[in-house]
Amino acid sequence: MTILLSASMGRAAAPKLDHMHPLNWWSGMQHNRIQVMMHGKDIGDCDVSLENAQDVQIVSIERVENPNYLFIYLDLQKAQPQIFKFCLTKPNRKKAYLKQPFEIQERSGEKVETFGPQDVVYLLMPDRFINGNQTLDNVPGMVEPQVDYLDPQDFGRHGGDLAGISQALDYLQELGITAIWPTPVQTNDCTCSYHGYAISDYYHIDPRFGTNEEYRQLVEDCHKHGLKMIMDMVFNHCGAANFLFTDLPQKDWFSYHTEFHESVHRTASIGDPHASDWDRQHTVDGWFVKQMPDWNQRNPLVKDYLIQCSIWWVEYAHLNGYRQDTYPYCDKYMMRDWCVALDKEYPGFNITGETWINSGPGIAYWQKDSKLSDFNSELKTIMDFPLMNLMKEALDEETNDYNSGLMKLYYYIAGDRIYANPLYLLTFLDNHDTDRFLGDGHDMLALKQGLALLLTINRIPQLYYGTEIMMNGTKKVTDGHVRKDFPGGFPGDAHNCFTAEGRSKQEQQMFSWLSRLLHWRQGNDVITKGRMTQFIPFEGVYVIARQHDGRTVVTIINGTRRAATWHAKRYAELTDGNNRARQASDVITGERYDLTHDVPLTARQTLVLSY
């Protein structure tokens, strides 16, 4: 309970709640039996009634070990939009101890359009993207209130915010991406808070980024620009500053209560048929790091709290999808129920799980309808970390006809039958947790090859912010070195890569090339729906074709540092009887190629041809 002293009266003001989650709800929801969590000093023994409530029923009241909590379950199946009050009354007293309003709003009726293979996802870190509202550079009361560029580990806040993302929407539209995935934006009040993965309040946007209403407006503005919004959610753990950890409702809300036991970080053990019980337990139940206590998702109150929170954000902000952090570390049965609940509320809603396991079978285990497990996760999209690692190797090596370079990609994709649905693998060259694809270099030819493959194979492609201007960096310096500020996004930046005039010649060349490819991909059924054929690399040349409704796209990669040739006879099945093949068009330059004849290729050349 927060006590407010009245200067005029000289006595304590009426008690009030410290927290109530959710902040509101809606009529007509499939999820109409809701948990209302109340947190305030010594409210646990209060009797609960409703005032001015119509067709709202109290199903149950859960009283827990900590007297500062009440968990009230309501039936809203017949409830219409209204505002009513919870009346909390101390035993043996007639007058209410406190009255708390709660609103049931009318649903907007807006249909949720989710993301999928038709999209290109742009991952960005809000703190390192654009500082659009400098009044948020100092927010008193936070553990890290001010921006800090001087931290030697580069773990300080830099001041990027929601206003910055909003200012970049024209730029992102010009680039040609169709969906945005920012790292977590909820309150993250801790040290090293810039990345967002230690959430301290699941129902509020971090005040250094903006407000809930500003987030909702950002999503609306994204939709006006033809962009979808994917929220990064974290269910495995929260931040140690979360009030549910600092004032535990029950001892078993977190694994090992409040005692730090670090996870062994061996997520492959969950799907390993030979794994020991010790390995599985110490992966799932261990804390991610000391500052991130591990939710005990087997506790039904915890489970309801997390599931309900995610439904609330979709309805409140009209989200288009979720990316779920550290997916295999979570209790898999709870996470399955979460996927089912979201799909029931928003049919077809897409969720991407971070499945950081460096083997195809290891990640295939986690996909919905997996062929490798008798457990169905109901998780539609998984992250293709094995392909990311192979991309870096393959495009750095000279391709031969056996086991080097692009042969590695061929062999991996040849194993696609292990996946329930390869179209729903999120594929990427790098992200905020890995070295950048370019490392510390500037190999544009390798980057073009990687991007051409990423954007034409049968997956959901994800780009990491700054790839379009060849941003580089490795973690051997610090994590912050792969999370650099976007040039032009911060006060004093002389180098502004948000405009063509501000980019160097090389940056503009890369941006222009990628933008053309991205815009060509938008709405292109050949890429998003077409059957894929890959050819074993021959004389160092790797060819992938997509075909749909009489149209063909051919991606040709010369994986050698010498001149090579497209041999027309070798790929005749793509061209025989197809007169269009004589006028195949380079989707970047518009140059024409006759694919019924041999085509010479320069060293490490990349071609994406359409006919």
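Leaving aside neighbours within four places in sequence, Phe129 is in contact (heavy atoms within 4.5 Å) with Tyr122, Leu124, Ile165, Ala168, Leu172, Tyr465, Phe486, Gly489, Phe490 and Phe498. The model is predicted: local features need pLDDT of at least 70, side-chain atom pairs count only at pLDDT 80 or more, and totals for chains, interfaces and linings use all residues. Residues are numbered from 1 along each chain as its sequence is written, and side-chain values use heavy atoms, with hydrogens and water left out.

Phe129 belongs to the largest nonpolar core, which holds 172 residues. A nonpolar core is a set of buried Ala, Val, Leu, Ile, Met, Phe, Trp, Tyr and Cys residues joined through side-chain atoms within 4.5 Å. Buried means under 20% relative accessible area, exposed over 50%, and partly exposed in between, for a 1.4 Å probe and protein chains only. Tyr122, Phe129, Tyr202, Tyr215, Trp313 and Tyr322 touch the most other members. The largest share of this core comes from α7, with 12 residues. A second, separate core has 20 residues, among them Ala564, Trp566, Leu574 and Leu607.

Helices (H or I, at least four residues) and strands (E, at least two) are DSSP runs, numbered from the N terminus. A barrel is closed by 8 strands in the order β9-β10-β13-β14-β15-β16-β17-β18. The pairing is parallel; two strands pair if DSSP finds at least two bridges between them. On average, neighbouring strands of this sheet are turned by 25° against each other, direction ignored. Strands β9 (residues 121-124) and β10 (residues 179-182) pair in the parallel sense over 4 bridges. Leu123 stands opposite Trp181 in β10.

Helix α3 lies across β10 and β13 (228-233) and runs at about 140° to β13. Axes are lines fitted to C-alpha atoms, for helices over the stretch in contact, and angles run from 0 to 180 degrees between N-to-C directions. Two packed helices are described by the angle between their axes and the distance between the axes. For α3 (residues 212-224) and α7, the axes come within 9 Å and cross at roughly 65°. On the α3 side, Asn212, Glu213, Tyr215, Arg216 and Val219 take part. They meet Trp312, Trp313, Tyr316 and Ala317 in α7. By class, this contact has 6 nonpolar, 1 polar and 2 charged residues. Here Ala, Val, Leu, Ile, Met, Phe, Trp, Tyr, Cys and Pro count as nonpolar, Asp, Glu, Lys and Arg as charged, and the others, Gly among them, as polar.

Helix α8 (residues 332-345) has 14 residues. At 1.5 Å a residue, α8 should span 20 Å, and its end C-alpha atoms are 20 Å apart, which agrees. The expected span is 1.5 Å times one less than the number of residues. Lys332, Met334, Met335, Trp338, Cys339, Ala341, Leu342 and Glu345 are the buried residues of α8. Their cover includes α5, α7 (300-317), β14 (321-324) and β15 (351-353).

An open sheet is formed by 6 strands in the order β19-β20-β21-β26-β23-β24, with antiparallel pairing. β19 (531-538) and β24 (592-593) stand at the edges. Each has a single partner strand, so one side of each is left without a neighbour in the sheet. β19 is joined to β20 (residues 541-548) by 6 bridges, and the two run antiparallel. Phe538 stands opposite Val541 in β20. Helix α11 (residues 406-413) lies across β19, β20 and β21 (551-558), at about 140° to β19.

Several loop residues complete the picture. Phe254 is found in the loop between α4 and α5. With 2% relative accessibility, Phe254 counts as buried. Leaving aside neighbours within four places in sequence, its contacts are Cys238, Leu244, Phe245, Leu248, Pro293, Asp294, Trp295 and Asn296. Phe254 and Cys238 are 16 residues apart along the chain, and their C-alpha atoms are separated by 9.8 Å. The loop between α4 (243-246) and α5 (268-271) also holds Tyr256. Phi of Tyr256 is near 60°, a positive value in a residue other than glycine. Tyr256 is partly exposed, at a relative accessible area of 24%.

Glu378 lies in the loop between α9 (360-364) and β16 (381-383). Its phi is near 65°, again positive in a residue other than glycine. Glu378 counts as partly exposed, at 26% relative accessibility. The peptide bond from His21 to Pro22 is cis, with omega near 5°. Pro22 sits in the loop between β1 (19-21) and β2 (25-26).
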